[in-house]
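Load the model in a viewer and keep a selection panel open. The stops below go from the whole assembly to single residues.

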2 protein chains.
Amino acid sequence: MKMTIPKSVELVDNELYFLDQTKLPTKIEVEKQNTIEDVWHSIKQLKVRGAPAIGIAGGYGLALSMKDFKNSSTQEFLTLLEKNGNYLDSARPTAVNLRWAIDRIINRAKNSGCSTTKELYGVVLKEAIGIHEEDKLICKQIGGHGQSLIKDGVGVLTHCNAGALAVSEFGTALAPMYVAHKKGIRFRVYADETRPLLQGARLTSFELHHAGIDVTLITDNMAAHIMSQGLIDVIIVGTDRVAANGDIANKIGTLGVAILAKYFNIPLYIACPSSTIDLATKTGKDIVIEERDGSEVYKFAGVLTAPESIKTRNPAFDVTPAELITGIITEKGILKPPFSEALKLF
Amino acid sequence: MKMTIPKSVELVDNELYFLDQTKLPTKIEVEKQNTIEDVWHSIKQLKVRGAPAIGIAGGYGLALSMKDFKNSSTQEFLTLLEKNGNYLDSARPTAVNLRWAIDRIINRAKNSGCSTTKELYGVVLKEAIGIHEEDKLICKQIGGHGQSLIKDGVGVLTHCNAGALAVSEFGTALAPMYVAHKKGIRFRVYADETRPLLQGARLTSFELHHAGIDVTLITDNMAAHIMSQGLIDVIIVGTDRVAANGDIANKIGTLGVAILAKYFNIPLYIACPSSTIDLATKTGKDIVIEERDGSEVYKFAGVLTAPESIKTRNPAFDVTPAELITGIITEKGILKPPFSEALKLF
């Protein structure tokens, strides 16, 4: 089945629209973002999700928040720009792309030499659009490099969603699949459902299915069995942050997939734009893992699955050590170990 | 919190009661079984579940179905006993313990040499009670042997439900935890929710929580992260079948847990009555894995989590190779590798 799915983030006539990904796959709802608070809540509530998409959304959100301040002084404008940037960043502090996009816009504005706030606003908006356009190009490049890993007849496993819905255009982890599919290569994808928020079921299986790619949905705990049956030849996932030593943080469950991959001797690739590489983070140990509300764990689709007073853990991410990673696919090519050397160039 | 949970199967004043496990954890409902048809439907609809519990329930159901036939001839009694046994067995034809309990009662009656149906009824009821009592004793013995693995301050991980609700008394995998708890040992349990049917959430976390044991519910894909944090010292799970070489079949996801355990160097124990050891099954490769309906994967509580037309896999079990297993806890003690040698004695 082929169907056009709205873009996760779209700027139309200087109005910002997000596809509400929390409602997928049952409802396809596009929400107009009227205020910076709307954008903050959309990011916080995961209506917009996926590292690059959060960066793009945050960039647009920051730019548009300055729309009504064209008559302030340039100093007032820049001060408010920083304040708004910090506010937006607080919606998902683990998301390095969000801070990156915000800082990029702020620095661009600061160094623009503009003498009017009207010009400054133009610079800020142009930078936000630029971030989006670059992301589209980067996704295509990641897809181009990564598709070499997908041969005719292979089985590919992915976890969570690093697809068109998470990013723009082709996504990151799914970009090699989209490119391979366009080239007529025939392959099977297995998508982990990715509890607790089911991004693999709701988003990955949804978008691949609608793109006409052969996708099979499994629960997270089936991955080991599927691998043991020889059905998986390569694993490609996204990442929220790459540390200087090649450790990566990604959606909870990625570490488990990586350990299974090692046991079954299946190559594991991480796909990400090079902006996700954070050399200031020495190793995975320096990455703070966001702990989310327990109700995501003890409820499923609003229905209690355990006593409401049960203790839970709900880490949103886990850290996969570099030793378990075969390669990192960026827009510049596929990095190979030792990553601490390869990453130095970024 | 401590609360007495009704037993999954209970005989009180010659009346049979089942806890309706399909309503857990939101409702605790005990249903009196008035007729053999009630028992059949309860087994069919999984109100009673867990291999040993089904056997116990079927045994009582068969015995009580003969209550009103004390005035028939002994031949009529035995004929009806077989007919009722076949009828009950048809509720879950793949449940080995159900057929086993029914045959045991029929054979006991046939070989009893009783000359009156009143005596025959007594023999049949005594055998049903005996099956239940033996199961309780076995669970206690498994708990007694296994509790030595649970030291003060440790973290224990379990998958699916092999507890009091599945069996009787203490269960199998949970028995060591119940015994350790009674001894005043302080430890933490992490329960995988166990998709797709969530037995870990609905049953394990429910029963341990109500027993006052410190239990934390996690999604299946969090186990690797929790282990990486050093929070798990020992893993105990149940099994549906042990092959002659020590490979075991258990709820889907067990293989993944076992591979993680090996990576993190955490001991993995399998708890089961020795009746689960099947020497006729040479290795795990000989175990046929039941594939269940895909709607369990793409729906929860009636809510779609993916496009309804999505392809899915839904294997109910996976096979964990003997090489990943540290020990097998039975009522006779803890078996150690090489299992092909240790199991020969059974």
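Predicted model: local features only at pLDDT ≥ 70, side-chain atom pairs only at ≥ 80, totals over all residues.

**Stop 1**

**Stop 1: the interface**

Chain B and chain A bury about 4,500 Å² between them, and carbon and sulfur atoms account for 71% of it. Now pick B:N221, B:Y263 and B:R313: on the chain B side these lose the most area to chain A, together 15% of what that side buries.

**Stop 2: charged pairs**

Side chains of opposite charge can pair when their charged atoms come close. How many salt bridges does the structure hold over all chains? The total is 38, and four salt bridges are found across the interface of chain B and chain A.

Next, show A:E193 and B:R195. This pair also forms a salt bridge, with its closest N and O atoms 2.7 Å apart. The pair crosses between chains: A:E193 is in the loop between β5 (188–192) and α7 (199–210) of chain A, and B:R195 is in the loop between β5 (188–192) and α7 (199–210) of chain B.

**Stop 3: a helix pair in chain B**

Two packed helices are described by the angle between their axes and the distance between the axes. Select residues 51–64 of chain B, helix α2, and residues 74–89 of chain B, helix α3. Their axes come within 10 Å and cross at roughly 145°. The crossing of α2(B) and α3(B) is right-handed. On α2(B) the contact is made by B:G58, B:G61 and B:L62; on α3(B) it is made by B:L81, B:N84, B:G85 and B:L88. By class, this contact has three nonpolar, four polar and no charged residues.

**Stop 4: backbone exceptions**

Most residues other than glycine have a negative phi, and most peptide bonds are trans. Zoom to A:P25, in the loop between β2 (15–19) and β3 (30–33) of chain A. The peptide bond from A:L24 to A:P25 is cis, with omega near 5°. In chain B, go to B:P25, in the loop between β2 (15–19) and β3 (30–33) of that chain. The bond from B:L24 to B:P25 is cis, with omega near 0°.

Finish at A:N265, in the loop between α9 (254–264) and β10 (268–271) of chain A. A:N265 is not a glycine, yet has a positive phi of about 60°.

How values were computed:
Residues numbered from 1 in each chain as written. Chains lettered and ligands numbered in written order. Heavy atoms only, no water. Axes fitted to C-alpha atoms, helices over the stretch in contact; angles between N-to-C directions. Helix = DSSP H or I, 4+ residues; strand = E, 2+ residues; numbered from the N terminus. Left-handed = near helix turned anticlockwise from the far one by under 90°. Contact = heavy atoms within 4.5 Å. Nonpolar A, V, L, I, M, F, W, Y, C, P; charged D, E, K, R; others polar. Buried area = accessible area lost by both parts, 1.4 Å probe. Salt bridge = Lys/Arg side-chain N within 4 Å of Asp/Glu carboxyl O.
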